[in-house]
Amino acid sequence: TGSYIFNGLVSGSIYGGVSGNKITAIAGESSTGKTFFSLAVVKNFLDSNPDGYCLYFDTEAAVNKPLLESRGIDLDRLVVINVVTIEEFRTNALKAVDIYLKKDANERKPCLFVLDSLGMLSTEKEIRDALDDKQVRDMTKSQLVKGAFRMLTLKLGQANIPLIVTNHTYDVIGSYVPTKEMGGGSGLKYAASTIIYLSKKKEKDGKEVIGNIIKAKTHKSRLSKENKTVEIRLFYDDRGLDRYYGLLELGEIGGLWKNVAGRYEIGGKKLYAKQILSEPETYFNDQVMQALDEIA
């Protein structure tokens with residue numbers, strides 16, 4: 001994914017990542033960085049697979065050329081498909097998987113699908129009602145979402161294509177404990193093998209805001225522990241996801257080092273987290289990374 005601690009959260013190994021043939025949902029309130037986050041994973045996927053490509057289903061018209069260029073994404077290997085309705089997404093995705101499966105297994109290049117975001121998809125009925133000026137509620141959406149994912153889950157599994165779906169969350173009204181729920185009905189809840197909930201706070205350098213600290217929690221996971229929370233740093237500039245952020249806390253949990261008054265004792269030196277993270281390669285050598293992977 002481009003972040004060691006996020007790899008650990010979704011797969012149980014800091015060298016792992018999102019599942020290679022299943023659906024991963026990234027859910028959060030508006031502006032928690034869901035699109036930025038997906039693009040960071042896309043960039044890392046394309047960098048790790050020089051012959052791989054990505055189909056990016058965009059529902060918010062949020063992804064454009066300047067944004068992709070600023071994230072350092074290879075535009076020749078990313079196709080942005082604008083979709084408005086669930087039916088349109090379902091048809092396009094199924095056709096793409098079908099074409100992919102018709103190729104010989106040794107000719108298939110690594111491929112990644114992203115849907116950003118499910119919450120913004122409309123239905124044919126909703127659009128038709130709006131054009132006919134009918135003031136009725138669309139009750140077909142959650143059924144369509146269920147149907148679309150039912151078909152896609154198996155197809156994607158056969159083709160070994162991972163799908164990342166971003167989705168909005170909202171507060172459930174009337175519950176005693178404040179809980180969050182994803183939009184779009186329960187279809188994605190059952191289809192996704194991993195559901196990550198994101199929330200964020202600002203990351204500052206002095207007074208200037210330089211990025212976000214994203215808190216990620218496994219709401220559902222078939223590959224790692226549920227209800228685990230990690231913090232990931234996402235910079236606004238071309239540094240993107242901070243690879244090493246969160247590893248100090250992981251080492252502390254596993255007893256590799258202690259945190260005394262904000263300083264960590266690594267390699268006989270007592271240093272602040274900021275100093276260690278400014279030159280991570282020096283402190284996180286192969287031996288340390290191996291130990292951290294075992295803790296994860």
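Predicted model: local features only at pLDDT ≥ 70, side-chain atom pairs only at ≥ 80, totals over all residues.
Residues are numbered from 1 along each chain as its sequence is written, and side-chain values use heavy atoms, with hydrogens and water left out.

**Pockets**

Rolling a probe the size of a water molecule over the atoms shows where empty space is left. On a 1 Å grid over the protein atoms alone, a pocket is an open set of points where a 1.4 Å probe fits, with protein on both sides within 12 Å along at least five of seven lines, and its lining residues have an atom within 4 Å of a point. A volume is the space filled by probe spheres set on the points, which are joined across faces, edges and corners.

| Pocket | Space | Lining residues |
|---|---|---|
| Largest | About 700 Å³ | 32 residues |

R233, F235, R239, L241 and D242 lie nearest the centre of the largest pocket, and its lining has 12 nonpolar, six polar and 14 charged residues. Here Ala, Val, Leu, Ile, Met, Phe, Trp, Tyr, Cys and Pro count as nonpolar, Asp, Glu, Lys and Arg as charged, and the others, Gly among them, as polar. Helix α2 gives the most to this lining, with five residues; helices (H or I, at least four residues) and strands (E, at least two) are DSSP runs, numbered from the N terminus.

**Nonpolar cores**

A nonpolar core is a set of buried Ala, Val, Leu, Ile, Met, Phe, Trp, Tyr and Cys residues joined through side-chain atoms within 4.5 Å, where buried means under 20% relative accessible area (1.4 Å probe, protein chains only). The largest such core holds 49 residues, of which V42, L247, F284 and L292 touch the most other members. Its largest share, seven residues, comes from α2. Apart from this core lies another, of 34 residues, among them A25, L94, V97 and L188.

**A buried serine**

S224, in the loop between β8 and β9, counts as buried because its relative accessibility is 17%. A polar atom of its side chain lies 2.6 Å from the backbone oxygen of L9.

Terms used. Buried < 20%, exposed > 50% of the residue type's maximum accessible area, 1.4 Å probe, protein only. Polar contact = N/O pair within 3.5 Å; in protein donor to acceptor, adjacent residues only side chain to side chain.
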